[in-house]
Amino acid sequence: MVYHVSHAFPRRNPLVQLDSGAVAEGRITRVTDFGAFIQFENGETGLVHISQIAHSFVRNIHDHVREGENIEVKVLGRDERGRLDLSIKELLEEPEEVPRPRAIGRQSPQFEAKLRSFMRDAKERTTTGGPKKPGGGGGGTSKRKK
């Protein structure tokens, strides 16, 4: 079902039902950092959460939607308070491969060896009070004569 939007929305028209799975056209009435509010011709308003704007990560919602714009959305359902939960992304063609964050590759074996050595030395310093000195003179706490 596609609903056409006029500029003057009547107060709730009970003949127009926005059920889960319905596709409807509405007007963006407000854009916030967390989503866009859409008003339909039956007078109802719903929210397209920022996570439902596009398949890719949306850093700035204003790069994707504008207040006053007419847009087609899919009704995902209603929340526990009866408010409409909407999606733009569900109507967009999904990209073949969703971009994933770049993984950090393994470090070189030399780096790994240096890191293990550093961690071992750091652990010794914290448990013995200092680095071990060559020649058997441990670097632990000194004993004072009274």
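Analyst: Happy to! A salt bridge here is a side-chain nitrogen of Lys or Arg within 4 Å of a carboxyl oxygen of Asp or Glu. The model is predicted, with local features needing pLDDT of at least 70 and side-chain atom pairs pLDDT 80 or more, while totals for chains, interfaces and linings use all residues. Residues are numbered from 1 along each chain as its sequence is written, and side-chain values use heavy atoms, leaving out hydrogens and water.

Let's start with the pocket. The largest pocket holds about 190 Å³ of space (an open set of points on a 1 Å grid over the protein atoms alone, where a 1.4 Å probe fits, with protein on both sides within 12 Å along at least five of seven lines; lining residues have an atom within 4 Å of a point). Its lining is made by F37, T45, G46, L47, D79, R83, L84 and D85. Two elements, β3 and β5 (84–87), each give two or more residues to that lining; strands are DSSP E runs of at least two residues. The biggest share comes from β3, with 3 residues; T45, G46 and L47 fall within its span of 45–49. From β5 come L84 and D85.

By class, the lining has 3 nonpolar, 2 polar and 3 charged residues.

Now for the charged pairs. The structure holds 2 salt bridges, and one of them joins D79 and R83, with the closest N and O atoms 2.7 Å apart. D79 is partly exposed at 25% relative accessible area, and R83 is partly exposed at 43% (buried is under 20%, exposed over 50%, partly exposed in between, with a 1.4 Å probe and protein chains only).

The side chains of E44 and R78 form a salt bridge too, at 2.9 Å from N to O. E44 sits in the loop between β2 (35–39) and β3, while R78 belongs to strand β4 (residues 70–78), so this pair ties together parts 34 residues apart in sequence. E44 counts as buried, at 12% relative accessibility, whereas R78 is partly exposed at 40%.

How values were computed. Helix = DSSP H or I, 4+ residues; strand = E, 2+ residues; numbered from the N terminus. Points joined across faces, edges and corners; volume = space filled by probe spheres on them. Nonpolar A, V, L, I, M, F, W, Y, C, P; charged D, E, K, R; others polar.
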